[in-house]
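Please look over the sequence and the fold shown below before reading on.

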Amino acid sequence: MKNEKSGGGADSFDVVVIGGGPAGYPAAIRAAQNKLRVACVDEWKNRDGSAAFGGTCLNAGCIPSKALLESTELYHRVHEEFAAHGIKVGGATLDVAQMQKRKNGIVRGMTQGILALLKAAGVTALQGHGTLRAGRRVEFTAHDGTRRELSAQHVVLASGSVPIELRSAPFKAPHIVDSWGALDFETVPKRLGVIGAGVIGLELGSVWGRLGAEVVVLEALPDFLAFADQQLAREALKHFKKLGLDIRLGAKVTGAALARGAVEVSYEDAKGAQRIAVDRLVVAIGRRPYSQDLLGADSGVTLDERGFIRVDEACRTGVEGVWAIGDCVRGPMLAHKGKEEGVMVADLIAGRFGEVNYKVIPSVIYTAPEIAWVGLTEEQIKASGRDYKSGVFPFLASGRARALEQAAGFAKILAAQGDDEILGVHIIGPMAGELIAEAVLAMEYSASSEDLQRTIHAHPTLAEALHEAALAADKRSIDSINR
Ligand code: FAD
Ligand code: NAD
């Protein structure tokens, strides 16, 4: 694509990015690294009215949820695990206010960090609303109401997503909340209802369950983690039940009413009409793309039937010089997917090589045990008709996992019969989210399971589990019984 440099006026840019989340801010930084003149417009406002870059991920998603998952897992371990190490901790108590203060401090530090990164890269950071008009003009309205028109050679739309509201259980804070509300509870609810046993439901259900809430999760589908490898899903369900999460599958919520400070949730399952009473209800049934007042009537950019901005493989919208990335376009709603799209687009704009390998995007659920996968599930491979082999290594046979007192779960590798291509890797166990990176790299470079078998892994490490799983795929595991 032709890349004309901007004229250099105060409101004239090579690239204007609308949205400063994990898709938008990397696009802006990479474009600036490519020596382009860049502005990044973001309208995020926190509940206290403060503006912040970083979007959903840093302000109300990935980062605060992981901060609370870490704190609550430590609390859980003090009570459930330390004694096994011979450490007796008397009177360990909970200070939710301090837990929340720590989380808020991490979020503040990270979001201020984004602003510092933008500035250091030479990006003009503008806080307020952006609307795309015809001819790659962006109408910018600052939070104080002042307006400017920005012109650009290229506009990158990165407006993100918002939670889906359930008609039968509309949000009504503080009782019926979305994930952001559930990250900010000031006390541990005695009874917590969660609608949706997806990633958010499991992570936030774990957070509050570990602190003592009685958690009931209502999931509409009959299968647990239907989108994941089912051997992994079965193992996960076992552990969530052990943690105390009461996960009810095939549950169709029909209503939620406030009564005497509690929420009465009605639902239907195979046995008929059911009812539960909870103190707080989290609705986590997915997110939808967000594009409110983003596209002027003359912008030419179109949405699909589900509200996603239409793009091709390289994130081009079909309007010359207008691109879209992250949660507002097709594909998994993951921060790292948006980031790579942002980098790709910024490089393509500068006339450099850019590509996203959509087949090799890792997924991680940050529960305990952690769950992570990349590539195809066993069910998907079976459906494709391809001959495959499977190697599974249990963490019970890992010295490091035993030393950590976290020997639950397994690493599983699926490879093609014949050329031995790695087709999918599924891990449930300690640090699965870190371990999956090796599988991602292996698949990105088209490694075979034999390549992993022949790669030396330090001992004793958790990473040996993937090494042994690869060996197990050929019934050559050394540290577990080959089946
Ligand atoms: P967003 O992060 O939503 O950012 C979009 C930004 O654009 C926002 O700041 C918004 O205010 C701004 N904006 C929108 N329209 C305009 C406009 N017209 N003008 C100006 N600004 C505008 N993903 C992971 O990969 N790992 C995780 O661990 C993880 N945990 C999560 C936990 C929770 C509780 C939630 C809710 C999500 C989590 N996600 C996680 C998903 C992740 O947050 C999203 O995939 C990611 O934030 C998408 O990035 P984005 O830049 O596309 O959109
Ligand atoms: P999700 O799609 O992961 O799960 C939603 C769940 O709700 C599904 O199991 C679905 O079957 C169920 N559901 C849908 N409608 C329902 C209904 N009416 N009643 C009961 N159950 C219903 O969505 P989420 O958990 O809300 O997360 C939203 C997005 O945020 C996801 O795309 C996810 O990728 C992202 N996210 C990622 C992470 C992570 O990477 N660790 C963490 C949190 C969120």
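How many residues does helix α11 have, and how far does α11 reach from its first C-alpha to its last? The model is predicted, so local features need pLDDT of at least 70 and side-chain atom pairs count only at pLDDT 80 or more, while totals for chains, interfaces and linings use all residues. Residues are numbered from 1 along each chain as its sequence is written, chains are lettered from A and ligands numbered from 1 in the order in which they are written, and side-chain values use heavy atoms, with hydrogens and water left out.

Helix α11 (residues 432–444) has 13 residues and reaches 18 Å, close to the 18 Å expected at 1.5 Å a residue, the expected span being 1.5 Å times one less than the number of residues. Helices (H or I, at least four residues) and strands (E, at least two) are DSSP runs numbered from the N terminus.

Among the buried residues of α11 are A432, L435, I436, A439 and M443, where buried means under 20% relative accessible area and exposed over 50%, with partly exposed in between (1.4 Å probe, protein chains only).

An open sheet of five strands has the order β7-β14-β8-β9-β10, with parallel pairing; two strands pair if DSSP finds at least two bridges between them.

| Strand | Residues |
|---|---|
| β7 | 176–177 |
| β10 | 246–248 |
| β8 | 191–195 |
| β14 | 280–283 |

Four bridges join β8 to β14, and G193 stands opposite L281 in β14.
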